[in-house]
Amino acid sequence: MRVEEKSILTRFVSLYHISTFILLCTIALLIYNMQYQSIYNLTISNLETISSKISAKIITSAMKNEKLHFNDLYNSNSRIRFSLYDKENEMIFSDLKSPIKINFDKKNYLQNDSIIIVDKSPVGHLGVYSIVMVNDTFIEKIHNIIITIIIAFILFYTAICTIGYYMIQLFMKPIENERTRLDNFIKDTTHELNTPVTALM
């Protein structure tokens, strides 16, 4: 292979790899953003559903004048926790493993790897003004998605590069065959011309 051909081939391969890398990075980023929003919204929706059920139990018990044990409001083996607050935002009940600072002005937000929602639907029944739901699995799910995207990225990039390598080999083969045929033709022609020239000399 001549120097010019090597230079052109190197530039083509570099452009192919760079453009493929940028395209896959863009696709990976879009997928990550979509998955992030999807998991965030799904987690918020799940927390709001559970909070609504807890609020309904509190309101129903208040209307029926029934005694309600707060620790019976939500029993689950999941990593969803809740706490109840009064009008002054003082904690009435909590099953949180460790206390966290709550921003009562926001309806939902992300804090220290946890998604937190603040539900004010009990409106004072049984002294409860706010229900705070906490889910600490969000960042863990995001990490799993990042790992999946990275693995998929590596696999796709490797596959595309492998296909590109074989395509280059396929495209270069006719050129190499043609160059070999041309070299042979030149050698044969030179040989055929040398014989009569030598005889004449």
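All six of the six residues of strand S5 (residues 130-135) are buried, so the strand is largely enclosed by the rest of the structure. The model is predicted. S5 pairs with strands S1 and S4, and S4 and S5 each supply at least two residues of the lining of the largest pocket.

- Strand S1 (residues 80-85) pairs with S5 in the antiparallel sense over six bridges, and Leu-84 stands opposite Ile-131 in S5.
- Strand S4 (residues 114-119) also pairs with S5 in the antiparallel sense, over five bridges, and Val-118 stands opposite Val-132 in S5.

**Ser-114**

- Ser-114 is found in strand S4.
- Ser-114 counts as buried because its relative accessibility is 11%, against a cut-off of under 20%.
- Leaving aside neighbours within four places in sequence, Ser-114 is in contact with Tyr-109, Val-134, Asn-135 and Asp-136.

**The largest pocket**

- The largest pocket holds about 250 Å³ of space.
- Its lining comprises 13 residues, of which Leu-96, Ser-98, Ser-114, Val-134 and Asp-136 lie nearest the centre of the pocket.
- The lining divides into four nonpolar, five polar and four charged residues.

Conventions: Residues numbered from 1 in each chain as written. Predicted model: local features only at pLDDT ≥ 70, side-chain atom pairs only at ≥ 80, totals over all residues. Heavy atoms only, no water. Buried < 20%, exposed > 50% of the residue type's maximum accessible area, 1.4 Å probe, protein only. Helix = DSSP H or I, 4+ residues; strand = E, 2+ residues; numbered from the N terminus. Pairing = 2+ DSSP bridges. Contact = heavy atoms within 4.5 Å. 1 Å grid on protein atoms, 1.4 Å probe; cavity = no way out; pocket = protein on both sides within 12 Å on 5 of 7 lines; lining within 4 Å. Points joined across faces, edges and corners; volume = space filled by probe spheres on them. Nonpolar A, V, L, I, M, F, W, Y, C, P; charged D, E, K, R; others polar.
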